[in-house]
Amino acid sequence: MAIIQCKMCRKLFDSLSSKICPDCHKKIDLDFIKVRDYIYDHDEGKISIDKVAEETGVEKPIILHLLREGRLIINNLEGGEGALLCEICKKPINTGRMCKNCQDKVASSVQKSAGGSKPAEPDKPPPQADAKRGGGMHTRR
Ligand SMILES: [Zn+2]
Ligand SMILES: [Zn+2]
């Protein structure tokens with residue numbers, strides 16, 4: 001267990017894994033329902049995060065948090081100020097931290113770097129084994 005500062009209310013609390021205290025978790029769960037219901041009721045036409053915050057009374061950082069966590073998806077999210085942007089290419093996105101393109105890029109670069117370091121090593125042992133065999137010949141009486 002570790003005492004950390006809640007990301008939302010800055011209160012210190014005992015954390016198992018979350019960065020948000022239990023009080024804020026409860027609040028966020030309630031806010032999540034409000035925002036989700038609002039999105040369901042307004043699925044026609046564009047909606048902006050500012051509008052959602054205004055209409056539901058839920059703070060904008062909480063809405064953004066829910067979107068980044070992938071709990072909320074606003075399919076008809078309006079771009080521009082207050083919209084959720086891809087952390088890499090800054091394109092407007094509906095949910096999460098990155099757009100599909102960047103997610104794919106990151107996934108493939110992770111695969112490349114993980115695979116790139118491994119194949120180099122199995123190639124080394126054979127020459128070493130030869131050298132040992134050669135050395136063995138020299139030390140033999
Ligand atoms: Zn808190
Ligand atoms: Zn992107």
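Predicted model: local features only at pLDDT ≥ 70, side-chain atom pairs only at ≥ 80, totals over all residues.

Student: How many helices and strands is that?

Tutor: Five helices and two strands.

Student: And how much of the chain is buried?

Tutor: Of the 141 residues, 13% are buried. As for contacts with a separation of 6 or more, 30% come from residues 24 or more positions apart.

Student: Which residues of H1 are buried?

Tutor: Here's the general idea: an α-helix has 3.6 residues a turn, so residues three or four places apart point the same way. In H1 the buried ones are Cys24, Ile28, Asp31 and Val35. Those residues lie on the same side of H1, because they cover an arc of only 70° around the axis.

Student: What's on the other side of H1?

Tutor: Exposed residues, including Pro22, Lys26, Asp29 and Tyr40.

Student: What do the buried residues of H1 pack against?

Tutor: Against H3 and helix H2, which is 49-56. Look at H1 and H3 in particular: their axes come within 10 Å and cross at roughly 85°. With that angle, H1 is roughly perpendicular to H3.

Student: Which residues meet there?

Tutor: From H1 you have Ile28, Asp31, Phe32 and Val35, and they meet Ile62, Ile63 and Leu66 of H3.

Student: Lots of those look nonpolar. How should I read that?

Tutor: In soluble globular proteins, nonpolar side chains tend to be buried together. Here the largest nonpolar core has 17 residues, and the ones touching the most other members are Val35, Ile62, Ile63, Leu66, Leu67 and Leu72. H1, H2 and H3 are the elements that give two or more residues to this core. H3 gives the most, with four residues.

Student: What does Ile63 touch?

Tutor: Leaving out residues up to four places away in sequence, Ile63 touches Val35, Ile49, Val52, Ala53 and Val58.

Student: Now the loops. Where is Cys6?

Tutor: Cys6 is in the loop between S1 and S2. It has 18 other C-beta atoms within 10 Å, so Cys6 is partly exposed; buried would take 20 or more.

Student: What does Cys6 touch?

Tutor: Not counting residues up to four places away in sequence, Cys6 touches Lys11, Phe13, Ile20, Cys21 and Cys24. Take Ile20: Cys6 and Ile20 are 14 residues apart in sequence, yet their C-alpha atoms are 4.7 Å apart in space.

Student: Which way does phi go for Arg10?

Tutor: Positive, at about 65°, although Arg10 is not a glycine. Arg10 belongs to the loop between strand S1 (2-5) and strand S2 (12-15). Arg10 counts as exposed because it has 9 C-beta neighbours inside 10 Å, and the cut-off for exposed is 12 or fewer.

Student: And what is phi for Lys90?

Tutor: Near 65°, again a positive value in a residue other than glycine. Lys90 lies in the loop between helix H3 (60-69) and helix H4 (100-117).

Student: Is Lys90 buried or exposed?

Tutor: Exposed, because Lys90 has 10 C-beta neighbours inside 10 Å.

Conventions
Residues numbered from 1 in each chain as written. Chains lettered and ligands numbered in written order. Contact = placed C-beta atoms within 7 Å. Arc of directions from axis to C-beta. Core = buried A, V, L, I, M, F, W, Y, C linked by C-beta atoms within 7 Å. Axes fitted to C-alpha atoms, helices over the stretch in contact; angles between N-to-C directions. Parallel < 35°, antiparallel > 145°, perpendicular 65-115°, else oblique.
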